[in-house]
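This briefing covers strand pairing, salt bridges and aromatic pairs in one protein model.

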Amino acid sequence: MRRLLLAAIAAAMFGPAVAQERLPDGIVSTGSNDIAQAWFTRPTDRYAHGILGDAIEAGGLAVTTRDGKTLELVLPRQFVFEDRQARLRDLDGDGRDEVVVVLTSVTEGGALAIYGVRDGAIVKLAQTPHIGRSNRWINPAEFTDLDGDGRIEITAVWKPHLARELQAWRYANGKLTHVTTIEGYSNHEIGSRVQDLTEVVKLSEGRPALAIPTPDYDEIAFMVLKDGRFTEAARLPAGGKITSPVTLNENGRRLEFATGQKKRSIDIP
């Protein structure tokens, strides 16, 4: 009875075509343009990496368009979406939403991929190369203009538990272009479902920066992008090991998070 009730609720929210196949711990994203919502579907255990706390990943991606149509893309068996949230953003300023996902090959590991709705179907628009071996992952960070040139930088951490490479990419004209890479930063602890450890802030001098933990998760670095390279503008102690999402307070001048059971905050430099 409980399962039928949950299915009925899901059908009312997401439409019957994908109502019973949503990723159990998935997050529904909301768009501002042609895509109203996006979420992962078709839970599968065909890739036993378990980086997000269990061995269940997604085999499909669904969206509801602004005009109310529900569409789904189903991956071939050699791939999964290794994430909890299909992130929506207009990355190139064309007035349409792009869907940013972690597309993982079961033999070649993670890649960052961009999907969109074209001619009534979900299609892949671009992707980075796969890392090159299985059990190697990417955790998305923020999508924003970090250097003030009017273009959005897509930031993510490649291998956040190993090499800890913060990378920036740009999407334009159907292509993803690498901007820069710097090692020594992480936005995810292995096995955790908490992925949102980064935040875009404005420094006191007015420049935008990416706030991101250092590898021990007990400090926050403030990264600026200048002349195509990341530079650490400041680094502040967190007062313990960060265990919750990192968020901005209401006036945008403090970062708030938790270290275990303690609530913490630090001023933005």
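Is glutamate 72 buried, partly exposed or exposed? Glutamate 72 is partly exposed, because its relative accessible area is 27%, which falls between the limits of 20% for buried and 50% for exposed. The model is a predicted one. A search of the whole structure gives 16 salt bridges and three aromatic pairs.

**Strands E3 and E4**

- Strand E4 covers residues 70-74 and has two faces: Leu71 and Leu73 are on the covered face, while Thr70, Glu72 and Val74 are on the uncovered one.
- Strand E3, residues 57-65, runs antiparallel to E4, and five bridges join the two.
- Leucine 61 has leucine 73 of E4 as its bridge partner, and Leu73 belongs to the covered face of that strand.
- E3 and E4 form a hairpin with four residues between the strands.
- In this hairpin glycine 68 has a positive phi, near 95°.

**Salt bridge between glutamate 72 and arginine 42**

- Glutamate 72 makes a salt bridge with arginine 42, and the closest N and O atoms are 3.0 Å apart.
- This pair links distant parts of the chain, with glutamate 72 in strand E4 and arginine 42 in strand E2 (residues 35-44), 30 residues apart.
- Arginine 42 counts as partly exposed because its relative accessibility is 30%.

**Other salt bridges**

- Glutamate 189 and lysine 241 form a salt bridge in which the closest N and O atoms are 2.5 Å apart.
- Here too the pair links distant parts of the chain, 52 residues apart: glutamate 189 is in the loop between strand E13 (175-183) and strand E14 (199-202), and lysine 241 is in the loop between strand E17 (229-237) and strand E18 (247-248).
- With a relative accessibility of 29%, glutamate 189 counts as partly exposed.
- Lysine 241 counts as partly exposed as well, at 39%.
- Arginine 235 forms a salt bridge with glutamate 219, with 3.2 Å between the closest N and O atoms.
- Arginine 235 is in strand E17 and glutamate 219 in strand E16 (residues 219-226), so this pair ties together parts that lie 16 residues apart in sequence.
- Arginine 235 is partly exposed at a relative accessible area of 38%, and glutamate 219 is partly exposed at 27%.
- A network of salt bridges links Asp147, Asp149, Arg151, Glu153 and Arg170.

**Aromatic pairs**

- A pair of aromatic rings is described by two quantities, the distance of the centres and the angle of the planes.
- The search of the whole structure finds three such pairs.
- In the pair of phenylalanine 40 and phenylalanine 81, the ring centres are 5.2 Å apart and the planes lie at 25°, so the pair is stacked; the cut-off for stacking is an angle under 30 degrees.
- Phenylalanine 40 lies in strand E2 and phenylalanine 81 in strand E5 (residues 79-81), so the pair ties together parts that are 41 residues apart in sequence.
- Phenylalanine 40 is buried, because its relative accessible area is 2%, and phenylalanine 81 is buried at 0%.
- Tryptophan 158 and tryptophan 169 form a stacked aromatic pair, with 6.1 Å from centre to centre and 20° between the planes.
- The tryptophan pair links distant parts of the chain, eleven residues apart: tryptophan 158 is in strand E11 (residues 153-158) and tryptophan 169 in strand E12 (residues 165-172).
- Tryptophan 158 has a relative accessible area of 6% and is therefore buried; tryptophan 169 is buried with 9%.
- Phe40, Phe81 and Tyr115 are linked into a cluster by ring pairs.

**Open sheet of E18, E19 and E20**

- Three strands make up an open sheet in the order E18-E19-E20, and their pairing is antiparallel.
- E18 and strand E20 (262-267) are the edge strands, each of which pairs on one side only.
- E18 and strand E19 (residues 254-259) run antiparallel and are joined by two bridges.
- Which residue in E19 is the bridge partner of leucine 248? The partner is leucine 255.

Methods
Residues are numbered from 1 along each chain as its sequence is written. This is a predicted model: local features need pLDDT of at least 70, side-chain atom pairs count only at pLDDT 80 or more; totals for chains, interfaces and linings use all residues. Side-chain values use heavy atoms; hydrogens and water are left out. Buried means under 20% relative accessible area, exposed over 50%, partly exposed in between (1.4 Å probe, protein chains only). Two strands pair if DSSP finds at least two bridges between them. A salt bridge is a side-chain nitrogen of Lys or Arg within 4 Å of a carboxyl oxygen of Asp or Glu. Rings of Phe, Tyr and Trp (its six-membered ring) pair if their centres lie within 6.5 Å; planes under 30 degrees apart count as stacked, over 60 as edge-to-face and the rest as tilted.
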